[in-house]
Amino acid sequence: MKIRIAPFHFSRLAGAALLLLAASCGPGYLNRPKNDLRLSLEMRALNTNPRAESFLLPVIAPGQEDRPRAKVVKHEILSTNGYFVGLAISGGGSRSANFAAACMFQLQRIGFLQYVQCISSVSGGSLVSTYYCCSPDSDWNAQNVQQKLTTEFETTVIDKILLPWNFLGLLIGTVNRSDMLANEFQNSLFYRNGRALTFADLRHDRPRLLLNCTDMQTGRPFLFDNSNFDLINSDLNRYPLAAAVTASSAVPAILEPITLRDYSTTFPQFQHLVDGAVVDNLGVQTLVNSYAAESESPENPYPNGAILVVIDSGTSSNLRLGSKARLGGVENLLEGLSLSSAVLLNRTGNATLSNVLVQGALGDYTINDLRNFIEQLRSDHYVEVKDRGGRLVRVVHLSLSQIGELGGAEFGNSVNAISTKFDISPTDAFNLYRSAVILFRARFDARLAPLVHELGRHSTTRQSSGQ
């Protein structure tokens with residue numbers, strides 16, 4: 001008896017797989033409309049998430065100055081001590097995420113993190129900032145955070161790319177690397193009680209969260225905040241946190257842009273978002289803009305000025321390549337992309353920090369004064385300047401590049417060699433936590449203690465410690 005095999009079985013199977021891929025893929029964007037376009041403009045609801053409020057209006061025309069203008073907002077949460085306390089976290093993949101987490105635990109230990117009112121982050125820094133702002137108290141601890149942030153996100157994505165259905169999806173455009181990375185972020189960090197976490201899940205007793213991206217069309221900063229989502233008539237509270245973090249991390253040429261649909265018009269219009277490090281790798285400019293917008297309002301909630309802490313994971317070189325005689329084709333590509341990313345991060349970070357001092361200190365200072373401020377920040381990693389209203393602004397620079405000076409050249413070189421990929425070994429992660437301990441015990445415990453005392457002395461109530 002002969003067994004007859006149905007003809008074209010494989011082609012039918014392949015066709016079914018293609019249909020399944022096409023059906024399972026989304027429209028290329030995850031944001032949803034806020035208002036029906038048939039509603040008149042004055043009747044439309046606005047985004048009012050207090051945990052994603054920048055107090056800024058987005059720059060939308062090329063002729064406008066780059067600094068966003070302040071908008072009128074009813075302050076739902078006022079300072080309890082008269083200070084603006086902001087934390088900026090740089091980009092740099094899993095290196096940045098782990099170093100920032102380590103520094104945040106140190107800031108919590110000395111009693112400073114509890115006073116932070118706003119976090120502005122970029123790329124890998126957005127991974128830990130977003131997790132801190134949405135995680136329950138029981139999850140914000142060193143054991144849990146270290147386990148989650150040493151997940152091999154990049155390796156997992158590469159492994160899944162090799163699966164036939166994903167590889168086929170990449171070829172026909174129904175799947176991309178950014179979507180897959182966002183899915184890994186979501187599974188590891190931003191999924192709870194059977195659903196993906198969105199901006200509506202940001203905790204009301206944690207700092208405001210400002211995730212920085214770059215608009216690919218204009219080259220201008222883009223924030224995941226109420227104003228930018230009002231501009232495109234989209235509902236911020238329904239947007240997945242994992243996708244926003246991926247947008248903040250989407251290094252051009254390595255990851256595809258994250259796309260938002262513009263629902264303010266019936267015409268098909270979109271915004272394509274890439275890594276915020278293209279404009280500012282430290283996220284500090286957003287902090288300064290937000291502080292200025294609030295402090296220049298008639299109801300200035302910050303008469304005592306500002307304290308800005310910058311967590312900077314930038315380093316200067318990859319010493320691991322010095323031990324290799326040749327770089328293979330794939331390795332050469334990956335290291336080249338890593339180098340391009342690292343140079344971009346360092347250059348934009350250093351330039352922005354200097355620019356912030358110049359833009360924020362336009363009182364009676366001379367050019368020589370400003371140069372001295374910048375030099376002091378580089379040497380002391382701390383500086384005090386006056387803002388336009390004469391209020392004191394303190395800037396603290398927690399830089400990973402200081403480790404060679406404080407922890408010894410050999411240890412500094414090993415930390416300097418940690419890549420900016422979204423993969424990290426347990427040893428490298430341990431060294432980043434050790435680096436934070438060295439930084440604080442050798443330099444910043446003493447520097448920050450008076451500021452913590454000052455904040456406590458002026459406070460009427462303390463914010464949640466997150467412990």
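Is Asp137 buried, partly exposed or exposed? Asp137 is partly exposed, with a relative accessible area of 31%; buried means under 20% relative accessible area, exposed over 50%, and partly exposed in between, using a 1.4 Å probe and protein chains only. This is a predicted model, in which local features need pLDDT of at least 70 and side-chain atom pairs count only at pLDDT 80 or more, while totals for chains, interfaces and linings use all residues. Residues are numbered from 1 along each chain as its sequence is written, and side-chain values use heavy atoms, with hydrogens and water left out.

**Overview of the chain**

- The protein chain has 15 helices and 13 strands; helices (H or I, at least four residues) and strands (E, at least two) are DSSP runs, numbered from the N terminus.
- Of the 467 residues of the protein chain, 52% count as buried.
- Contact means heavy atoms within 4.5 Å. Among contacts between residues at least 6 apart in sequence, 78% join residues at least 24 apart.

- Strand E3 covers residues 84–89, and six of its six residues are buried.
- Both faces of E3 are covered, with Phe84, Gly86 and Ala88 on one side and Val85, Leu87 and Ile89 on the other.
- E3 runs parallel to strand E11 (residues 306–312), and six bridges join the two; strands pair if DSSP finds at least two bridges between them. Within this pairing, Leu87 stands opposite Val309 in E11.
- E3 also runs parallel to strand E4 (residues 118–122), to which four bridges join it. The bridge partner of Gly86 in E4 is Cys118.
- From E3 the chain passes through helix H2 (residues 93–109) to E4, and this β-α-β crossover is right-handed. The term right-handed applies if, with the strands pointing away from the viewer, the path from the first strand over the helix to the second runs clockwise.

**Leu87, a residue of E3**

- Leu87 lies in strand E3 and counts as buried at 0% relative accessibility.
- Leaving aside neighbours within four places in sequence, the contacts of Leu87 include Met104, Leu107, Ile119, Leu287 and Ile311.
- Leu87 and Leu287 are 200 residues apart in sequence, and their C-alpha atoms are 7.8 Å apart in space.

**Salt bridges**

- Side chains of opposite charge can pair when their charged atoms come close.
- The structure holds 15 salt bridges, each being a side-chain nitrogen of Lys or Arg within 4 Å of a carboxyl oxygen of Asp or Glu.
- One of them joins Arg203 and Asp137, whose closest N and O atoms are 2.7 Å apart. Arg203 lies in the loop between strand E6 (195–196) and strand E7 (208–215), and Asp137 in the loop between helix H3 (124–134) and helix H4 (142–149), so this pair ties together parts that are 66 residues apart in sequence.
- Arg203 is buried, with a relative accessible area of 14%.
- Asp137, Arg203, Asp205 and Arg206 are linked in a network of salt bridges.
- Arg208 forms a salt bridge with Glu294, with the closest N and O atoms 3.1 Å apart. Because Arg208 lies in strand E7 and Glu294 in helix H10 (residues 284–295), the pair ties together parts that are 86 residues apart in sequence. Both Arg208 and Glu294 are buried.
- Arg443 and Glu405 meet in a salt bridge through their side chains, at 2.7 Å from N to O. This pair links distant parts of the chain, with Arg443 in helix H15 (residues 426–458) and Glu405 in helix H13 (residues 403–407), 38 residues apart. Glu405 is exposed, with a relative accessible area of 53%.

**Helix packing**

- H2 and H4 pack at an angle of about 170 degrees, and their axes are 10 Å apart. Axes are lines fitted to C-alpha atoms, for helices over the stretch in contact, and angles run from 0 to 180 degrees between N-to-C directions.
- H2 and H4 are therefore roughly antiparallel to each other, a term that applies to angles over 145 degrees.
- Ser94, Ala97, Asn98, Ala101 and Phe105 in H2 meet Ala142, Val145 and Leu149 in H4.

**Ser188 in helix H7**

- Ser188 has its place in helix H7 (residues 177–189) and counts as buried at 19% relative accessibility.
- Apart from neighbours within four places in sequence, Ser188 is in contact with Lys148, Thr151 and Phe153.

Key. Angles under 35 degrees count as roughly parallel, over 145 as roughly antiparallel, 65 to 115 as roughly perpendicular and the rest as oblique.
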